[in-house]
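Here is a short briefing on the model shown below.

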Amino acid sequence: MTDTLVAPPGPARTTSRPSGLFRLTPTSGIGLGVALVWFSILVLLPLAAVVGAAAAGGWGAFWNTLTDAQTFAALRLTVLEAAGVTVVNAVIGTVVAWVLVRDHFFGKRILDVVIDIPFALPTIVAGLVLLSLYGPESPVGINIVNTRQGIFLALLFVTLPFVVRTVQPVLIELDADVEEAAASLGASRLTTFRRIILPSLVPAITAGSSLGFARAISEFGSLVLISGNTPYQTEVASLKILKFIEGDNQAGAAAVAVLLLLVAIVTIVGLDLLSRRVANRG
Amino acid sequence: MSIEVRGVGKRYGDFVALDDINVSLPTGQLTALLGPSGGGKSTLLRIIAGLESADTGTVDIEGVDATTLPPQKRNVGFVFQHYAVFKHMSVAKNVAFGLEIRKRPKAEVKAKVAELLELVHLSQFAHRLPSQLSGGQRQRLALARALAVEPSVLLLDEPFGALDAKVRKELRDWLRRLHDEVHVTTVFVTHDQEEALEVADEIVVINEGRIEQIGSPDQLYDEPANDFVMGFLGAVTRLGPLVLRPHDIEVAVAPGVPGSSAGVVQRALRVGFEVRLTVDVEGQDEQVLVVLSRAHARALDLELGSKVWLSPTTGATTVPALAVPREAVASA
């Protein structure tokens, strides 16, 4: 008995408790297995296949596709438009969420439901909706078809709910106490917002913006009708991919797809890093 | 007078939260606003802080009419029941907040924060986030943050309400000592009469939007203005026409004292050093509670069914029994 008391319990402890990184109980092992298989079938394998298809033509073909002036213009337009839309959404989405949570007005519940419509609509319908008001037969005399502004509007339309819906619950959960504490310490409304409220919202704003950005660079349905698809002018990446496929250029389509994938990953990771920094600065 | 409240009233729809409140709180004093939940004491505190506006009446702070001033301009420190710490800021940043928005020089802020963290014994946690602190530590942090801006009054809304009994008691003692050191005019809201009696220089008893009594802990305990105050400050029982404290009843095993009431011991419960008797008294529906020391009970040789004669002790605090408040029965 004294031995066990004196002996260092190091090895005994590791066997009694799965503290190692790869130790799993049978149930969590099955769970992890199912999750990984599912994730692989749906996401990882198709992604790998696309990367494989892009690589099939060799590095040279990949590079040529992307540096082709027309493809490059389409990619640049897509990323810039998406970035612009993301910035607008981050601001307006936060304002809309604020109004929905903090203000009381007639029709608030209805507005709260309407916010989701752009997300719930099939995107081709969204395009049609915009076309009927801002198309060639516009009753208000505004025609945005075949313009970059039109693309911007369509992207704003389909990405509207993301920031609103991520910020809203966080705003609801914020303690009124904390703002009152800041006020009694002498902070103005603006200072309280900037130093107390905003840092709490930044993670949600970033998450919503990331989703919106990812959606914007991949948007297809609503743009088919709006963008006009003019090379160098209003051609976006998703429509470019379609053209490549229609022209039986699988490798070219895959190359653009892989680049979009990279842009999405870089943006999501970048925004996440940014949000951590801002949230901790105070 | 540091805080002068005159004729303050506040309604929420039909509910009267405060009704014509008049109270003066002297500079440097530690005052408790004591009363049952929903009695209006927190509302009064929030009106003093400017977090709530009064429908009628005025509030002066340090001789300045603060009635219409926003909370930012009142120079009050406020401590909330649920701490209300800034979760994304370190402990030191929380304390520095009030000073930073006043654009004080960096060195001054740093020195002041260090001094305050020392005062609330949180120096070693300066760089932690509030989520890494215990409840008691968070409340000390909230206190340091409020004190950092050198407020003319410090207001605490049920500051220990969210803490467990042991920590609550520690913080209570600590607040008293802190107040003796810092001497800032302090008002705290509590529904715990023991907390108020132990910590405060003066107690304002508030019930149903009205002030029932203002006085020192001893005054309130020894000379309660009415049966509500008496009942709220400690256990009470009724003996004939009087409401009095169970330990202020003399127990005799033979008739002798004129006016004593005869009764029979129905229940005897020993709790530590005291014995609690429940006595059926002739001509009274309600049972009488009596508390006496264990030694005394043993000397009288009391047991279930013993016949006893009860009378108020000389100098007992009594009020006429009109309607015994419900709280008193519950706590008795």
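In chain B, residues 3–233 carry the UniProt annotation "domain: ABC transporter", taken from an unreviewed entry. The model is predicted. Across residues 3–233, chain B is 37% helix and 26% strand. The end C-alpha atoms of that span are 25 Å apart.

**Annotated span in chain A**
- An unreviewed UniProt entry also gives the annotation "domain: ABC transmembrane type-1", which covers residues 75–270 of chain A.
- That span of chain A is 78% helix and 0% strand.
- Its end C-alpha atoms lie 19 Å apart.

**Chain B overall**
- Chain B has 332 residues, and buried residues make up 43% of them.
- Its secondary structure comes to ten helices and 18 strands.
- The C-alpha trace of chain B spans about 80 × 45 × 30 Å along its principal axes.
- Take the contacts in chain B with a separation of 6 or more: residues 24 or more positions apart account for 65% of them.

**Domains of chain A**
- Chain A is divided into domain 1, residues 27–56, and domain 2, residues 59–281.
- The C-alpha centres of domain 1 and domain 2 of chain A lie 27 Å apart.
- Contact between the two involves six residues of domain 1 of chain A and seven residues of domain 2 of chain A.
- On the domain 1 side of chain A, the residues that touch domain 2 are six nonpolar, with no polar and no charged residues.

**Nonpolar cores**
- The largest nonpolar core has 100 residues.
- B:Ile48, B:Ala144 and B:Leu155 have the most contacts inside this core.
- Helix α4 of chain B, residues 135–148, supplies the largest share of the core, seven residues.
- Apart from neighbours within four places in sequence, B:Ala144 is in contact with B:Val95, B:Leu116, B:Leu117, B:Leu119, B:Val120 and B:Leu122.
- A second, separate core has 48 residues, including A:Leu75, A:Val96, A:Ile226 and A:Ala237.

**Contact between chains A and B**
- Chain B brings 20 residues to the contact, and chain A brings 18 residues.
- On the chain B side, β6 (76–79) and α2 (91–101) are the elements that give two or more residues.
- Helix α2(B) gives the most to the side of chain B that touches chain A, with four residues.
- By class, this side of chain B divides into twelve nonpolar, five polar and three charged residues.

**An open sheet in chain B**
- Four strands of chain B form an open sheet in the order β2-β1-β4-β5, with antiparallel pairing.
- β2 (15–25) and β5 (64–65) of chain B stand at the edges.
- Each of these edge strands has a single partner strand, so one side of each is left without a neighbour in the sheet.
- Strand β4 of chain B, residues 56–61, is joined to β5(B) by two bridges, and the two strands run antiparallel.
- B:Asp60 stands opposite B:Asp65, which is in β5(B).
- As background, strands of a sheet pair through backbone hydrogen bonds, either parallel or antiparallel.

Methods
Residues numbered from 1 in each chain as written. Chains lettered and ligands numbered in written order. Predicted model: local features only at pLDDT ≥ 70, side-chain atom pairs only at ≥ 80, totals over all residues. UniProt positions renumbered as here; feature names shortened; annotations may be inferred. Domains from an automatic or database assignment. Nonpolar A, V, L, I, M, F, W, Y, C, P; charged D, E, K, R; others polar. Core = buried A, V, L, I, M, F, W, Y, C linked by C-beta atoms within 7 Å. Buried ≥ 20, exposed ≤ 12 C-beta atoms within 10 Å, placed from the backbone. Pairing = 2+ DSSP bridges.
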